[in-house]
Amino acid sequence: MGYVICIDGPAASGKSTVSRAVARKLGILYVDSGALYRIMTWQALLHGIDCKDELAVSRFCETVAVDFSVSAERIAYSVGGVEPGDQIRTPEINANVSPVSAVPAVRARITGWLRELPKLGNLIVEGRDIGSAVYPDSPFRIYLDCDPDERSRRRLAEDLQKGFCQTQEQVKASLLNRDRIDSSRKTAPLKKADGAIVIDTTALSIDQVVDAIIDVTREK
C-alpha cells in the first residue's frame with residue numbers, strides 16, 4: 001500500500017492545481033475525490049433522479065459503477081468505458097453536487113472506493129474530508145484556505161475558459177452556498193482535520209503553495 005498526502009479545503013482554494021503540481025514533482029499519482037461526487041451527480045441527473053431526494057439518491061448510488069486506472073500522473077475514472085471530462089464541470093452539476101455529496105450512502109460508497117486506491121501507488125488526494133474522514137491516519141494532512149473573493153475570481157476564470165457564462169457575484173454565491181452545505185452536513189463535513197497544517201493560499205502563487213506542501217511532507 002502506498003502513502004497518501006491529503007489536501008482538503010473549500011472549492012476554488014487551489015486544491016486541484018496545486019495537487020497536480022505536487023504529484024508531478026514527487027512522481028506520485030493525483031486523485032480528485034470531488035470528481036467522484038460529480039460523477040455520481042452526473043449519473044443521477046442522466047437517470048432522472050431528484051438530487052434533493054436523499055432516499056432516491058441513496059438507492060441509486062449503489063447502482064453506479066466507476067472504473068479506476070492509472071493514466072500518466074493521475075488516477076482516471078470512467079463510467080461504461082467513458083471518461084466524463086467537462087460533463088461533470090457544468091453549472092448544473094455545481095448546483096446539485098452538494099446535496100448529493102451530503103447523502104451518507106454516497107459518502108460511504110465513495111470513501112470505500114478511495115480507500116482502495118493506495119493499492120495503485122503513492123497518492124496525493126484532494127477533497128473536503130480526505131484528512132478528517134477518508135485517511136485520518138495519514139501523517140500528511142494539509143488544509144488549504146482562501147478568501148472567498150479570490151476563490152470566486154479563480155473559479156470564474158476557469159468557467160469562462162470552459163465557455164460557462166456567469167458573473168463573479170453568481171460564482172461567489174454558488175461557492176458560499178456550497179461551503180454552507182458542505183460544512184453543515186452531518187456526515188463527514190468540510191473541516192480542518194485535527195492536526196492538519198493550514199496554508200492560506202490567498203496571496204500565494206501556485207509554486208509557493210507547492211513548495212510549502214513538499215516542505216511539510218519532507219519534514220514529516
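A cavity is a set of points, on a 1 Å grid over the protein atoms alone, where a 1.4 Å probe fits but cannot get out. Its lining residues have an atom within 4 Å of a point. This is a predicted model: local features need pLDDT of at least 70, side-chain atom pairs count only at pLDDT 80 or more, and totals for chains, interfaces and linings use all residues. Residues are numbered from 1 along each chain as its sequence is written, and side-chain values use heavy atoms, with hydrogens and water left out.

**The cavity**

- The whole structure holds 1 cavity of 30 Å³ or more.
- The largest cavity has about 100 Å³ of space, a volume being the space filled by probe spheres set on grid points joined across faces, edges and corners.
- Its lining consists of Ala11, Arg38, Asn94, Arg155, Asp159, Gln166, Val171, Ser174, Leu175 and Arg178.
- H7 and H8 are the elements that give two or more residues to this lining; helices are DSSP runs (H or I, at least four residues), numbered from the N terminus.
- H8 gives the most, with 4 residues.
- By class, the lining has 3 nonpolar, 3 polar and 4 charged residues. Asp, Glu, Lys and Arg count as charged; Ala, Val, Leu, Ile, Met, Phe, Trp, Tyr, Cys and Pro as nonpolar; the others, Gly among them, as polar.

**Helix H8**

- H8 covers residues 168-184, which is 17 residues.
- Val171, Leu175, Arg178, Asp179 and Asp182 of H8 are buried, meaning under 20% relative accessible area with a 1.4 Å probe, protein chains only.
- Down the axis of H8, the buried residues fall within an arc of 105 degrees (taken from the directions from the axis to the C-beta atoms), so they line one face.
- Glu169, Arg180 and Ser184 are exposed on the other side of H8; exposed means over 50%.

**Pockets**

- A pocket is an open set of grid points with protein on both sides within 12 Å along at least five of seven lines.
- The largest pocket has a volume of about 1,100 Å³.
- Of its 49 lining residues, the closest to its centre are Ser16, Arg20, Asp32, Arg89 and Glu126.
- Charged residues number 22 in this lining, beside 15 nonpolar and 12 polar.

**Cysteines**

- The structure has 0 disulfides (pairs of cysteine sulfur atoms within 2.5 Å).
- For Cys61, the nearest cysteine sulfur is that of Cys51, 12 Å away.
- Cys61 counts as buried because its relative accessibility is 0%.

Note on methods: The expected span of a helix is 1.5 Å times one less than its number of residues.
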